[in-house]
Amino acid sequence: MGERRKLHKCTSLLTLIIFLSIFLLLISLKVKAKQRDSRSKIIVIDPGHGGYDKGVSGTGGTLEKDVAIALSLMIADNFSGEYTAKLTRTDDYQVALFDRTAMANQSNADIFISVHTCGSFLHSARGIMIYYFKKLDENGTVEAPFSVTPLQNGIIQPSWNSLQESYREAGKILAESIKESILRETKLFDIKIQEAPLLVLGGADMPAVLIETGCLTNPGDEKKLNNKKTLQAVSRGISKGIKKYFLMVTD
Ligand SMILES: [Zn+2]
């Protein structure tokens, strides 16, 4: 009797161990699959301006091109080990506007974000603006400035601004996700979302937004953008907003 009870106990323990092992194996496989899946996402980050093109100059001398690269590097860093982040420029040099978008298309990116700061003649202009694409009117069609033959390898090449048109709604959802996430990281900026016929977004063949993080022409915003901790909080908000967008569209 005692032997049988012992044997029964042993079998139960063995069954429990087998179940636990299978459970842990399934979890590790799921985690690995998720990691593999998220690493395969490509985000192209475009630091605005660069080189001789300084962008907006703040009253205190801060340059838009410097804020754009600093913030873009932080965003890319936030993704390290999780997603693949590529930058259209990694230092202080000029890259043609259409080449930036073309880089995102050639990388087969899942998201394209262009990073800028705002500049205005109005002293009151301040805060963060997130733009998603709005199609130009009938007469405002823009063609890519580099040579694109209308027919290439038997495939009709689409016009520059027709590509982003199909991602407008996705761009709007992405903008809202980024706005929410930035507000969770910092309350220092008012954030607005707006649609605009921006050339750099027009030819992007994936959801795309352009972010103006604060107005350098506003001394208050300029001071905030010179604070590394504030810039890091904004960068975390942008990265988390992109991550949340991926979860929203894949689940
Ligand atoms: Zn700019």
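This briefing walks through the fold, the zinc site and the aromatic groups of the structure above.

The model is predicted, so please read every value here as computed from it. The secondary structure of the protein comes to 8 helices and 8 strands. Of the 251 residues, 41% count as buried. Among contacts with a separation of 6 or more, 82% are between residues 24 or more positions apart.

**Strand E3 and its neighbours**

- Strand E3 covers residues 111-118, and it is largely enclosed by the rest of the structure, because 8 of its 8 residues are buried.
- In a regular strand the side chains alternate between the two faces of the sheet.
- Both faces of E3 are covered: one side carries Ile111, Ile113, Val115 and Thr117, the other carries Phe112, Ser114, His116 and Cys118, and all of these are buried.
- Strand E1 (42-47) pairs with E3 in the parallel sense over 5 bridges.
- Strand E8 (208-215) also pairs with E3 in the parallel sense, over 6 bridges.
- Phe112 of E3 is the bridge partner of Val44, and the partner of Phe112 in E8 is Ala208.
- Cys118 stands opposite Cys215 in E8.

**Strand E8 and strand E4**

- E8 is mostly covered, with 8 of its 8 residues buried.
- Strand E4 (residues 128-133) pairs with E8 in the antiparallel sense over 4 bridges.
- Within E8, Ile211 is the residue that Ile130 stands opposite.

**Helix H2**

- Helix H2 runs over residues 64-78; at 1.5 Å a residue its 15 residues should span 21 Å, and the end C-alpha atoms are 21 Å apart, which agrees.
- An α-helix has 3.6 residues a turn, so residues three or four places apart point the same way.
- The buried residues of H2 are Glu64, Lys65, Val67, Ala68, Ile69, Leu71, Ser72, Met74, Ile75 and Ala76.
- Asp66 and His49 are 17 residues apart in sequence, and their C-alpha atoms are 8.9 Å apart in space.

**The zinc site**

- The zinc ion is coordinated by His49 through NE2, Glu64 through OE and His116 through ND1, at 2.1 to 2.2 Å.
- Along the chain, the donors follow the spacing H-x14-E-x51-H.
- Glu64 lies in helix H2 and His116 in strand E3, so this pair ties together parts that are 52 residues apart in sequence.
- Glu64 counts as buried because its relative accessibility is 3%, under the 20% cut-off.
- His116 counts as buried too, because its relative accessibility is 13%.

**Aromatic groups**

- The structure holds 3 aromatic pairs.
- One of them joins Phe79 and Tyr83: the pair is tilted, with 5.5 Å from centre to centre and 55° between the planes.
- Both Phe79 and Tyr83 are buried.
- Tyr245 and Phe246 form another tilted aromatic pair, at 6.1 Å centre to centre and with 55° between the planes.
- Tyr245 counts as buried because its relative accessibility is 6%, and Phe246 is buried with a relative accessible area of 4%.
- Phe79, Tyr83, Tyr245 and Phe246 form one aromatic cluster.

**Charges over rings**

- The charged end of Lys41 sits over the ring of Phe246, 5.0 Å from its centre; Phe246 is also a member of the aromatic cluster.
- Over the ring of Phe189 sits the charged end of Lys224, 5.1 Å from the ring centre.

**Putting the pieces together**

How values were computed
Residues are numbered from 1 along each chain as its sequence is written. This is a predicted model: local features need pLDDT of at least 70, side-chain atom pairs count only at pLDDT 80 or more; totals for chains, interfaces and linings use all residues. Side-chain values use heavy atoms; hydrogens and water are left out. Helices (H or I, at least four residues) and strands (E, at least two) are DSSP runs, numbered from the N terminus. The expected span of a helix is 1.5 Å times one less than its number of residues. Buried means under 20% relative accessible area, exposed over 50%, partly exposed in between (1.4 Å probe, protein chains only). Contact means heavy atoms within 4.5 Å. Two strands pair if DSSP finds at least two bridges between them. Donors are N, O and S atoms within 2.8 Å of the metal (3.2 Å for Na, K and Ca); water is not among the atoms, so sites may look incomplete. Rings of Phe, Tyr and Trp (its six-membered ring) pair if their centres lie within 6.5 Å; planes under 30 degrees apart count as stacked, over 60 as edge-to-face and the rest as tilted. A charge sits over a ring if NZ of Lys or CZ of Arg is within 6 Å of the ring centre and within 35 degrees of the ring normal.
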